[in-house]
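Here are my notes for you to read alongside the model. Have the sequence open as you go.

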Amino acid sequence: MIKRVLLIVLDSVGVGEAPDAYKYGDNGSNTLGHICDVTGVKLPNLGRLGLGNILPLKSVEADESAIGAYGKMQEHSAGKDTTTGHWEIAGLWIDKAFPTFPNGFPDEVIKPFEEKIGRKVIGNKPASGTEIIEELGEEHVKTGCPIVYTSADSVFQIAAHEDVIPLNELYRMCEIAREMLNGEFAVGRVIARPFVGKPGNFVRTENRRDFSLKPLSPTILDNLKEVGYEVFAIGKIEDIFAGCGITGKDHTTNNKDGIIATLKALDKIKSGLIFTNLVDFDMLYGHRNNPEGYADALKYFDNHLPEILAKLDDDDLMIITADHGNDPTTASTDHSREYVPLIVYSPKFKHGANLGVRQTFSDIAATIAEVFNVKGTGHGTSFLDELPF
């Protein structure tokens, strides 16, 4: 009997273009495959669980004696953003993609926002987060005007120097934007992007915060919480679900702290769901087209994976997956529409197993529902019976 599920999202670690990638301009994207091609990164512990069996990887061989169950999942929902991916993992489908603003936000959004915050804004265009503070950071410091920008994803981002606009004020601006952005302007996330430093040397800090829409219907997290199970969120999970279905949290801001928090949670929480997002892959390396840094982050996780495995008991189930891709070897600095990996492990497994190609990320939610005998969300097919217990 499984008493505890550990669900780890390796943010943006896609495993090859989805069949509909062409609709998103992502033909040929293969985040993990291309990183292995370019860097030759070795990931022996993930390989032992079956990572190299999911797709051909130059530096991670297939393992006929893999100890995990492995496969890949195709996204059913429209879009390729963090919120959509995580919501689908939790059993919620989005039929219409969240709106994007390739020309910036219209006056009917910006002007009321400026009135409410009492400041003019600068920017208001799609941009890389590091590039826009380099471009507009000095003007922001001189004028006190926050930098508003977006991307190919459904986001309203506000960048501000921590010495110019204190964090509490920046977060309040994000809350104001979140309250305003509804209907046709209902972006998936409003994101606070604080930075420090001087002109020519501005650096984003780890005080980022995400302000997501509330899930449009109950997720597996809500269903677990409703019947008394613990749902412990690590990293930006609480933000992504706007606090819904969460019973406890550790709001870590990087992979190192996320792994430490996960290990602590495994010591403390003996039943229910531990749900971790490890953000560095996407935030620091995918969006900055840095395959070497991305590879180092993968290696760091792989090196610490044995510590996680050592804390798993026979009544535990670990699931490792991703929410989308973000291929750092392409010209784009945005997310990519890709399959995501599915790796499942329990110390009770008798051997490895091929879970094949799943038609929705929500197979995870359906499996968790069956594990804990709670109602599902109506989406996904459980793979519990396919696991090699």
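1. Start with aspartate 11: it is buried, at 0% relative accessible area (buried means under 20%, exposed over 50%, partly exposed in between, using a 1.4 Å probe and protein chains only). Keep in mind that this is a predicted model, where local features need pLDDT of at least 70, side-chain atom pairs count only at pLDDT 80 or more, and totals for chains, interfaces and linings use all residues. Residues are numbered from 1 along each chain as its sequence is written, and side-chain values use heavy atoms, leaving out hydrogens and water.

2. Where does aspartate 11 sit? Look in the loop between β1 (4-10) and α1 (31-39); helices (H or I, at least four residues) and strands (E, at least two) are DSSP runs numbered from the N terminus. Its side chain makes a polar contact with that of lysine 236, at 3.2 Å. Such a contact is a pair of N or O atoms within 3.5 Å; within protein, one must be able to donate a hydrogen and the other to accept it, and residues adjacent in sequence count only if both atoms are side-chain atoms.

3. UniProt, in an unreviewed entry, puts the feature "binding site" at Asp11, Asp323 and His324. They span 314 residues in sequence, yet no two of their C-alpha atoms are more than 7.3 Å apart, so they gather at one spot. Such annotations may be inferred rather than shown by experiment.

4. Now find histidine 324, in the loop between β12 (316-321) and β13 (340-345). Histidine 324 is buried too, at 1% relative accessibility. Its side chain makes a polar contact with the side chain of aspartate 323 (3.1 Å).
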